[in-house]
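Let's take a walk through this structure together. Have the sequence and the 3D view open as you read.

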Amino acid sequence: MKMSIHRREIRRRSVLAGTLATGLAGTLAACGGSDDSDSGTESGPVRLTYWSWAPNMEKVAAIWNKKHPDITVTVSKQASGGEIVTKLITAKKAGNAPDLIQVEYQSLPTLVSNDVLADLAKEAKELKSKFAEGTWGMVTLGTDALYAIPQDSGPLMFYYREDLFEKYELSVPKTWDEFAEVARAAKKADPDAFLTTFSSNDSGLFAGLAQQAGAKWWTVDGDGTWTVAVDDAATEKVAGFWGGLVEEGVVDNQKMYTPQWNNALNKGTNLVWVSAVWAPGVLVSSAPDTKGKWRMAPLPQWSEGENRTGSWGGSSTGVSTDSKHKAAAVEFITWLNTDPEALAALVEHAGIYPAATEAQSGDVLETPAFFTNQKDFYDEAATISDTAVASAWGPNVQTCYDAFMDSFGKACKAKKKSQFVSSVGVMQDKTYADMKKQGFKVAAG
């Protein structure tokens, strides 16, 4: 039976910098150590606790429990984002972290640096072939370790009003230069409309766009020294591009998820939304009158002939260093994130877009109701997902994200390209200073 991805609440959930342990005791690969004494087959019944915020995860676990009475998984529903990160670090300090953990990709460095996550490379590295290279890179953090198994992903895509593009004789842009030309043409065709908006209230989209351009905001070397490069050339290019279009008046400056933004999508005065694979679920409520009028295409590229995208959202499943049943835990999360029956259940009950490439198209996913005119929606999405680049996250993502919302919020109000570019420097300075304050070995990129 085909299932459709349910609507998921869209909010960028990220780590709380204030919970970080001071200093990084070595490379990331050395931080996730765990007792491997139980890495073989375990005897006797095993009970595992799984902290997760995904809806209806207990229904998915029930399928496993019915078939595996010797390894029982109990789901404990948690808040997402910074709340679960804080709670996990506190539990680790008390020595009673849960066996299994749902972890957003950007939270992995924080949990690794606090020794919350076990290294699963010995038990699960052979799973690499089941995921896109960029997705796998987000759970290895660029090391030989493996800190989680990918669960769901959020590749960026280009959503546009097909009917209005036809009405105004606009072409779907293949490059960002073409995107700028289409923005100008759309404004000329309808002076009351904008091609899209640049929003300052969701840092994840900007991060994904910077990733596509080649940005690597955090990297760490072999002696545990972090390089912070939020103001790299790629990020400044992205900021200047969008700032220039806002200053020119062909891209709007309003925030997403507001009544005004919803109205612009619904009325067609915003023709495009650069978003992730989960966007159809948002359009259902944000633009209810536009069903069957949208299409999805790959993200525009910075250079003709390139084929890459960034990510916005997604999570993985890890095993805590406190777990006494590592082998059993790995057995479950391998099933959860790679078995066809489990993946179908995750789509049906939890509403995810699976990270496992084999589940990203075919019979598991049903064409979104809003995209009845694009029957190959998930085939196209799977192709795009395979081009996602690995994100480079660090241990104080929230500080960086807060700096974005503050500095770019001011830049959007000013509608000045120069202020968009200088806002990247503000993000860099605040992120770097926070890491120094936390006691990390850090260098500026």
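Where is leucine 365 found? Leucine 365 sits in the loop between helix 13 (340-350) and helix 14 (377-385); helices (H or I, at least four residues) and strands (E, at least two) are DSSP runs, numbered from the N terminus. With a relative accessible area of 5%, leucine 365 is buried, where buried means under 20% relative accessible area, exposed over 50% and partly exposed in between (1.4 Å probe, protein chains only). Its C-alpha atom is separated by 8.5 Å from that of tyrosine 353, twelve residues apart along the chain.

A word on what you're looking at. This is a predicted model, in which local features need pLDDT of at least 70 and side-chain atom pairs count only at pLDDT 80 or more, while totals for chains, interfaces and linings use all residues. Residues are numbered from 1 along each chain as its sequence is written, and side-chain values use heavy atoms, with hydrogens and water left out. The mean pLDDT of the chain (the predictor's confidence in each residue, from 0 to 100) is 90, and 90% of the residues reach 70 or more. Residues 1-41 are another story: pLDDT stays under 50 there, and the model has 137 contacts beyond four places in sequence for them, a contact being heavy atoms within 4.5 Å.

Now for the nonpolar core, meaning a set of buried Ala, Val, Leu, Ile, Met, Phe, Trp, Tyr and Cys residues joined through side-chain atoms within 4.5 Å. In soluble globular proteins, nonpolar side chains tend to be buried together. The largest core here has 144 residues, and Phe198, Phe206, Trp217, Trp242, Leu271 and Val274 touch the most other members. Helix 15 (residues 397-414) gives this core its largest share, eight residues.

Pick leucine 271 out of that group. You'll find leucine 271 in the loop between helix 10 (259-267) and strand 7 (272-276), and it counts as buried because its relative accessible area is 0%. The C-alpha atoms of leucine 271 and phenylalanine 179, 92 residues apart along the chain, are separated by 12 Å.

Next come the rings. The structure holds 37 aromatic pairs: rings of Phe, Tyr and Trp (its six-membered ring) pair if their centres lie within 6.5 Å, and planes under 30 degrees apart count as stacked, over 60 as edge-to-face and the rest as tilted. Phenylalanine 206 and tryptophan 217 make a tilted pair, 6.3 Å centre to centre with 35 degrees between the planes. Phenylalanine 206 belongs to helix 8 (residues 203-212), and tryptophan 217 to the loop between helix 8 and strand 5 (218-220). Both residues are buried. The pair of phenylalanine 377 and tyrosine 378 is edge-to-face because the planes are at 85 degrees, with the ring centres 4.9 Å apart. Phenylalanine 377 and tyrosine 378 are buried too.

Some rings have a charge over them, which takes NZ of Lys or CZ of Arg within 6 Å of the ring centre and within 35 degrees of the ring normal. Lysine 187 has its charged end over the ring of phenylalanine 194, 3.7 Å from the centre. Lysine 87 lies over the face of tryptophan 51, at 5.0 Å from the ring centre.

Last, the cysteines. How many disulfides are there? The count comes to zero, with a disulfide taken as a pair of cysteine sulfur atoms within 2.5 Å. For cysteine 400, the nearest cysteine sulfur is that of cysteine 412, 16 Å away. Cysteine 400 is buried at 0% relative accessibility, and cysteine 412 is buried at 3%.
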